[in-house]
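This report looks at a few local features of one protein model. Please keep the sequence and the structure in view while reading.

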Amino acid sequence: MRPADLSEAAELLADAFVEDTNLASFVPARGRRARLRRFFAVTGEVEMLTHGVAEVAVADDGAHERLLAVAWWHPPQEPGGPASRAWSWRELPSAVAVFGVRRLVAVARSRVASERARPATEHWHLAYLASRPEPAARGAATALLEHRLAQADAQGVGSHLESSSQGTVGFYERRGWRVTGPVGGPGGRRTTAMWRPAGGAKQ
């Protein structure tokens with residue numbers, strides 16, 4: 001992903017996560033889509049373009065390019081690396097604007113729970129995967145996923161994610177992930193931790 005793609009990527013991710021996701025549950029309903037666009041724009045700039053691996057699938061209709069799908073990953077790293085750090089001075093004002101002051105403690109608790117659910121072994125972490133709703137775009141998201149998993153397999157490294165929707169668990173299971181357990185969050189929130197060893201889990 002190029003810096004010039006960030007605005008469109010943030011919009012695509014906001015549209016994908018605005019309803020029925022763990023992330024959306026922390027964001028006030030009023031102006032939620034705009035708040036999420038800001039969240040992804042700042043996260044993309046401060047974290048993914050600097051410390052992560054941000055990949056996009058692009059459709060070129062001859063007149064202009066259009067993003068079809070986005071995949072944001074944290075690469076293998078030591079515990080306590082950029083993916084687990086506290087909010088930076090650049091991110092904190094955005095977090096206040098996105099979540100509101102009263103929700104910041106809950107968001108911080110959720111981040112801690114997610115960090116504890118991550119395996120201690122070296123791994124790729126899938127932070128966000130999203131696509132536009134048309135069928136071709138969903139295929140593009142799958143292609144992005146399989147591209148990175150092929151890299152992980154070649155490295156002999158596993159992959160971890162948290163699914164906030166039961167509807168996506170089967171999608172990931174078909175690609176070699178297996179459920180490792182629930183991740184409890186504040187206010188009864190719950191996500192599903194999943195692990196994919198190098199080469200994929202055996203059926």
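S163 has a relative accessible area of 3%, and buried means under 20%, so S163 counts as buried. This value, like the others here, comes from a predicted model. S163 belongs to strand 4, which covers residues 158–163. Its side chain reaches the backbone oxygen of S165 at a distance of 2.7 Å. When neighbours within four places in sequence are left aside, S163 is in contact with T168, V169, T191 and T192.

R196 is also found in a strand, namely strand 6 (residues 190–196). With 7% relative accessibility, R196 counts as buried. The side chain of R196 makes a polar contact with the side chain of D153, at 2.8 Å. Not counting residues up to four places away in sequence, R196 touches L149, D153, G158, S159, R175, G176 and W177.

The table sets out the two accessibility values.

| Residue | Relative accessibility |
|---|---|
| S163 | 3% |
| R196 | 7% |

How do helix 1 and helix 2 cross? The axes of helix 1 (residues 6–17) and helix 2 (residues 32–48) come within 8 Å and cross at roughly 130°. The two helices, helix 1 and helix 2, are therefore oblique to each other. Their crossing is right-handed. On the side of helix 1, the residues that meet helix 2 are L6, A10, E11, L13, A14, D15 and F17. Their partners in helix 2 are R33, L36, R37, F40, A41, G44 and E45. Sorted by class, this contact has eight nonpolar, one polar and five charged residues.

Key: Residues are numbered from 1 along each chain as its sequence is written. This is a predicted model: local features need pLDDT of at least 70, side-chain atom pairs count only at pLDDT 80 or more; totals for chains, interfaces and linings use all residues. Side-chain values use heavy atoms; hydrogens and water are left out. Axes are lines fitted to C-alpha atoms, for helices over the stretch in contact, and angles run from 0 to 180 degrees between N-to-C directions. Helices (H or I, at least four residues) and strands (E, at least two) are DSSP runs, numbered from the N terminus. Angles under 35 degrees count as roughly parallel, over 145 as roughly antiparallel, 65 to 115 as roughly perpendicular and the rest as oblique. A crossing is left-handed if the near helix is turned anticlockwise from the far one by less than a right angle, and right-handed if clockwise. Contact means heavy atoms within 4.5 Å. Ala, Val, Leu, Ile, Met, Phe, Trp, Tyr, Cys and Pro count as nonpolar, Asp, Glu, Lys and Arg as charged, and the others, Gly among them, as polar. Buried means under 20% relative accessible area, exposed over 50%, partly exposed in between (1.4 Å probe, protein chains only). A polar contact is a pair of N or O atoms within 3.5 Å; within protein, one must be able to donate a hydrogen and the other to accept it, and residues adjacent in sequence count only if both atoms are side-chain atoms.
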